[in-house]
Structure formats: structure tokens, C-alpha cells
There are 2 protein chains.
Amino acid sequence: MPQVEDRISRRQVDKFTERRTQLATAALQTLSELGYARTSLREIAQNSEFSHGVLHYYFRDKVELITHCVRQYKAECVKRYDEIVADAQTAEELRKGFGAAMAGTLREDASLHRLWYDLRNQSLFEEAFRVDVLDIDQSLERMIWRIVSRYAELLDTPPAVGSGAAYGLFDGLFQQGLLRHLSGSEEAANELQASVELVLGQLFR
Amino acid sequence: MPQVEDRISRRQVDKFTERRTQLATAALQTLSELGYARTSLREIAQNSEFSHGVLHYYFRDKVELITHCVRQYKAECVKRYDEIVADAQTAEELRKGFGAAMAGTLREDASLHRLWYDLRNQSLFEEAFRVDVLDIDQSLERMIWRIVSRYAELLDTPPAVGSGAAYGLFDGLFQQGLLRHLSGSEEAANELQASVELVLGQLFR
DNA sequence: GCTTTCTTTGGACAGTCGTCAAGAGTTTGT
DNA sequence: ACAAACTCTTGACGACTGTCCAAAGAAAGC
């Protein structure tokens, strides 16, 4: 039996690669339902159409599987967010669009978002996830900064805060909204939308 | 052998209650080092001076132990923050004091803070923690709001955002600082201090 | 002193975990 | 068609988990 590394190093678009992403998708599904602490490889396999043994055929160990999941998650995530920005013509349009997008993804993808926060936190304890998590986090920060600086451009005013702080602010608002939303608050998404629009404006006064 | 409930219902300041907090302290120590997912009862007992069996003499099960930890953590946490506010005489003094306090606790209690975020996230997956976590979260929100409204008073200007949004904003800034700090950034605390002071001011323009 | 209660220990339990390997099943190359 | 390579299942392993319990030890009441 060849090593995992050999299998990976064949041409990229491959039956092997496809199955990896297929298993990673099942893993993401399970993780977002149960959270990192309660997700086992057997549980992941049960949510796929394969048996638990196959996971070690496609991934060296649990860490590699989860790391791969995180990377795959990133792709979906950034794509999701990036569709939001480009079409705004006026500052007001961008501001409303941003608020609506945050509220929308809060409503639709709450489970995925709580998984992201879970994994980001695991990286504070488990060194193995650190690099990938920081990579995603930075891509999110850049995404927020693209919005803020585009808004500044449309408004012809420089923003009051830098990239890191802006990301922290909106991420904080979102996380608080997520907590409320998952605790059953019906108004969480609407309140988030209002806060986001208000704060974005407030950064330019 | 009497039930745990009976033992609890004796007079509060007790050998029994003392030992509970003693064990809970050891648990907090272990949790903040390893995180929720990797902390076992045996590990907790090993970081105390007792054997693992004694944990079920003082706590019904793992959930009750951790819940008790969270509550105990809350007491320390709010007390820590509340000492900050009261002595500020001018708006400027309060603003600087707030920023310095955030930066200070980021440097000194980073492990405890990452544990808090870990547990808050667990509550999004495990119903059992939900109530206690929300309780702490609300007490933190009130604590932030005390600062903001005191600042508003000293400045004689109403704040631009409400209680929930204010908490989300500063919590987001702090969490981002924590991520950077634990990733080895030397400047994280200073940058947090600057952002906090800047944003607090920005809420009143 | 002795007896009764409270406290603590350490081992046993049933279950789950990640990992591995033998072999069956499938596809591919010739 | 046969052989080689790849894919997948199944069951096993040692380690670890939360929980429970019998018994040893300590403290308190008399």
C-alpha cells in the first residue's frame, strides 16, 4: 500500500482528491453539528457513505483530516463573502448591502459559523491548527478591510481605524449576534444588521 | 452515603463548600491549560492533591463540576473588571484606564480568557452550559455598559450605540488581541490598548 | 475506649476513542 | 483472461473516558 503522500502527489484533479473533499465535506457537516469536542472519526464516517477505516486511507490522521476541513471551509467561506462587495455603486448601497449580508449569513449559516469560532478557539490550545486558522483569519480580515476601504473611497473620507481593529469590531458584533441567534432570539439578525450599518457609519465621523 | 444535594444544603461556609471551590480551582487551572476538549476528570484530579474518585463525592457529574467552575470564574472575572471603573474622575482618565486594563488583563490572564471563549463556544453546542454562559455573558455586557455610560456622563454626550453592540465591539477587539497575543505577537497588547481608546472615543462623535 | 459518620482511595465497569492491518472487493493495465 | 494495483470493510488493539463502588482512613460523638 502506497503512502498517503504518494497518493496526494499525483495529478490534482483525481478520483483520490475528489474523495478527499467528499470525506472532508461529510466531516464539516458533522463538525458543525456536534462541535470539535464531540466529533469522532466514526461519527464522521457514519455521516458519509463509507466506513470509518477509509478515513485513514485518505488522511494520515485526525489532525490532517481536520486541517484539510479547515482549508476547505476557507474556500467556501471567502467565496461566500466576496460575492457581497463588488456591485455596490454608492456608499449607502454598500452600507446596506453589508448589513444585510451579515444578517443573512447569520440566519442561514449559523452552524458553520459556530464551527469556525470553535476551531479558531481550538487553535489557541492545539498548535497543529494554528497556521491554517491564522491564514483564514487573515483572509477574513482582508475581506472586511476591502469593504471598509471601498466605503471610504465612495465617501471620500479616511476610516478612523485600521484593518485589524475594523475586523475585530465587526467580528465581535457578528459573534454576539450568533450567540443570541442560537439562543433562540428572533431579533438577533435584525439587530445585527442595524448595529453593523451604524458602526460602519460611525467609523467615518 | 448522603446525596450530594444534602451535603450542599448544609451551612454555606463549610469544609464541604471549601473543598468544592478548591477542586473547582484546580479544574479551572487544568481547563485553562488544556481547553475543554482535552481536559478529563483524572487530569483535573492530578492537578489537585486528591484522587479522581473524590470528584464524584463533591460533584454529581462532569457537567456540574464544569458549571461550578464557570460560575466561580465569573466571580473572579467581574470583580477584576469592576475595580477599574469607579475611580476615574475625568473622561480622559476613564478612557486611558479602560484601555490599560484591557491590555493588562490580556497580558496577565490570557489563558483564563481563552478558556472563557472556549466554554462560551461549547455552550453553542452543549445545551447544558447555555444558561450559565449566558448569565456570565450578560454580566460582562453590563460591565462594559457601566463603563460606556459613565464615560457618556463625564462627557455629557449620549453614546452612539446600545449596550449589546458596545459589548460586541469591545469583546471583538479583545478577542482579536488575544488571538494575536497567544500567537506570539509582542505588540498585541499595545495595539489593543490603542484600539480600545480610539473606539471608545469614536462612539461619541 | 468504641461506634458512627464523613472523607478519600484505588480499582473495576462499560463504553468510546484513534489507529492499524488483514483480507475482500473493485478497477485498471496488459 | 489474468495479474497487478487500488479501494474499502471489518474487526481488533491498547489507551482513555465518565461513572460507580467496596473498603480503607479520618473525625466526631458519646
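Select chain A and follow it from the N terminus, where the elements run α-α-α-α-α-α-α-α-α-α, giving ten helices and zero strands; helices (H or I, at least four residues) and strands (E, at least two) are DSSP runs, numbered from the N terminus. This is a predicted model, in which local features need pLDDT of at least 70 and side-chain atom pairs count only at pLDDT 80 or more, while totals for chains, interfaces and linings use all residues. Residues are numbered from 1 along each chain as its sequence is written, with chains lettered from A and ligands numbered from 1 in the order in which they are written.

Staying with chain A, view the C-alpha trace along its principal axes, where the span is about 65 × 40 × 30 Å. Of the 205 residues of chain A, 39% count as buried, a residue being buried if 20 or more other C-beta atoms lie within 10 Å of its own, exposed if 12 or fewer, and partly exposed in between, with C-beta atoms placed from the backbone. Two residues are in contact if their C-beta atoms, placed from the backbone, lie within 7 Å, and of the contacts in chain A with a separation of 6 or more, 63% are between residues 24 or more positions apart.

A rotation of 180° with 0.0 Å of shift along its axis superposes chain B on chain A, with an RMSD of 0.1 Å, and that is the relation of a two-fold axis; the superposition is by least squares on the C-alpha atoms of residues with pLDDT of at least 70 in both copies. To place the axis in the viewer, select B:G172, which of the residues of chain B comes closest to the rotation axis, at 1.8 Å (C-alpha). The same surface serves both copies, since 100% of the contact residues of chain B recur in chain A.

Next, select the interface, where 37 residues of chain B are in contact with 37 residues of chain A. On the side of chain B that touches chain A, the elements giving two or more residues are α7 (110-125), α8, α9 and α10 (188-202) of chain B, and α9(B) gives the most, with twelve residues. By class, that side has 18 nonpolar, eleven polar and eight charged residues, where Ala, Val, Leu, Ile, Met, Phe, Trp, Tyr, Cys and Pro count as nonpolar, Asp, Glu, Lys and Arg as charged, and the others, Gly among them, as polar.

Of the 20 residues around DNA strand C, A:S40, A:G53, A:D61, B:F50 and B:G53 come nearest, a residue being near a strand if its C-beta atom, placed from the backbone, lies within 6 Å of it. Colour α3 (41-46) of chain A and α2 (15-34) of chain B, the elements that give two or more residues to this surface, which has seven nonpolar, six polar and seven charged residues.

For DNA strand D, select the 21 residues that surround it, of which A:F50, A:S51, A:G53, B:S40 and B:D61 are the closest. Here α2 (15-34) of chain A and α3 (41-46) of chain B give two or more residues, and the surface divides into seven nonpolar, seven polar and seven charged residues.

Finish at A:D156, in the loop between α8 (127-155) and α9 (163-182) of chain A. Phi of A:D156 is near 55°, a positive value in a residue other than glycine, and A:D156 is exposed, with 8 other C-beta atoms within 10 Å. In chain B, phi of B:D156 is near 60°, and B:D156 is exposed.
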